[in-house]
Amino acid sequence: MCQPTKRCSTRRATSLSRHQILPSTSHLTTTLATTMAADAAARAYHAASQAHRSNNLPSAILWYEKALSLTPRDAPSYNGLAVARRDTNDLKAALAAHAHAIKLAPNDALVQSNYGHTLLKADKAHEAVKRFKKAAKLEPSANNYIDLAEAHRAAYSKKSGGDHVSGAERAINKAVALDKDLPLDRRAYMLHWLGKLMIMSG
């Protein structure tokens, strides 16, 4: 039996200290699995992005879904999947993916803007206006205000209610103010259809 000598006491203290600071096997296993899943998801997202840029939409969709199977709460993957689905005209699936992306990243201007474009394509112009307004508020850029103006025009033509003529005018003025180098042909085009809207509205 070990007597309570200084040497024996030190050995026991050291053993206890090591036991306290070393993580458990289950913790290490969980951490390793999480890291491996994150790495695999990142590779899947990269492959999806490359396929999307190459316009290989079926492959992009498969890779986005693979990334989401590994990291189910990843807003960029849902955003990419939504755009890919929209580009294949599967608007129901696109809107479902957008809903997830918006829930996970409500303050991301790109997520809001992409949702707006899908809503426009789905003939939901009034809802698209709300998304583009949010995108322009989060990231005041000429492109976001141009998108907002286009949504106002579409909403007016759909008679969806609201003061879309003045809304389009404000958005165009914002876009011009933010980008002094806005191409003249683009500016002229916007002012042309704004004039038509104003004439139509009386």
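## Helix 4 against helix 6

In this predicted model, helix 4 (residues 75–87) and helix 6 (residues 109–121) have axes that come within 10 Å and cross at roughly 20 degrees. That angle makes helix 4 roughly parallel to helix 6, a label for angles under 35 degrees, while those over 145 count as roughly antiparallel, 65 to 115 as roughly perpendicular and the rest as oblique. Axes here are lines fitted to C-alpha atoms, for helices over the stretch in contact, with angles from 0 to 180 degrees between N-to-C directions. The helices themselves are DSSP runs (H or I, at least four residues; strands are E, at least two), numbered from the N terminus.

The crossing of helix 4 and helix 6 is left-handed, meaning that the near helix is turned anticlockwise from the far one by less than a right angle (clockwise would be right-handed). Helix 4 brings N79, V83 and R86 to the contact, and helix 6 brings L110, V111, N114, H117, T118 and K121; contact means heavy atoms within 4.5 Å.

## A closer look at helix 4

How many of the 13 residues of helix 4 are buried? The count is 10, so helix 4 is mostly covered, where buried is under 20% relative accessible area, exposed over 50% and partly exposed in between (1.4 Å probe, protein chains only). Among the buried residues are Y78, L81 and A84, along with N79, V83 and R86.

The 13 residues of helix 4 should span 18 Å at 1.5 Å a residue, and its end C-alpha atoms are 18 Å apart, which agrees. The expected span is 1.5 Å times one less than the number of residues. Just after helix 4, N89 takes a positive phi of about 65 degrees.

## H98 in helix 5

H98 sits in helix 5 (residues 91–104). At 0% relative accessibility, H98 counts as buried. Setting aside neighbours within four places in sequence, H98 is in contact with A82, N114, Y115 and T118.

## The whole protein

The protein has 10 helices and zero strands. Buried residues make up 36% of its 202 residues. Of the contacts between residues at least 6 apart in sequence, 48% join residues at least 24 apart.

## About the numbers

Residues are numbered from 1 along each chain as its sequence is written, and side-chain values use heavy atoms, leaving out hydrogens and water. As this is a predicted model, local features need pLDDT of at least 70 and side-chain atom pairs count only at pLDDT 80 or more, while totals for chains, interfaces and linings use all residues.
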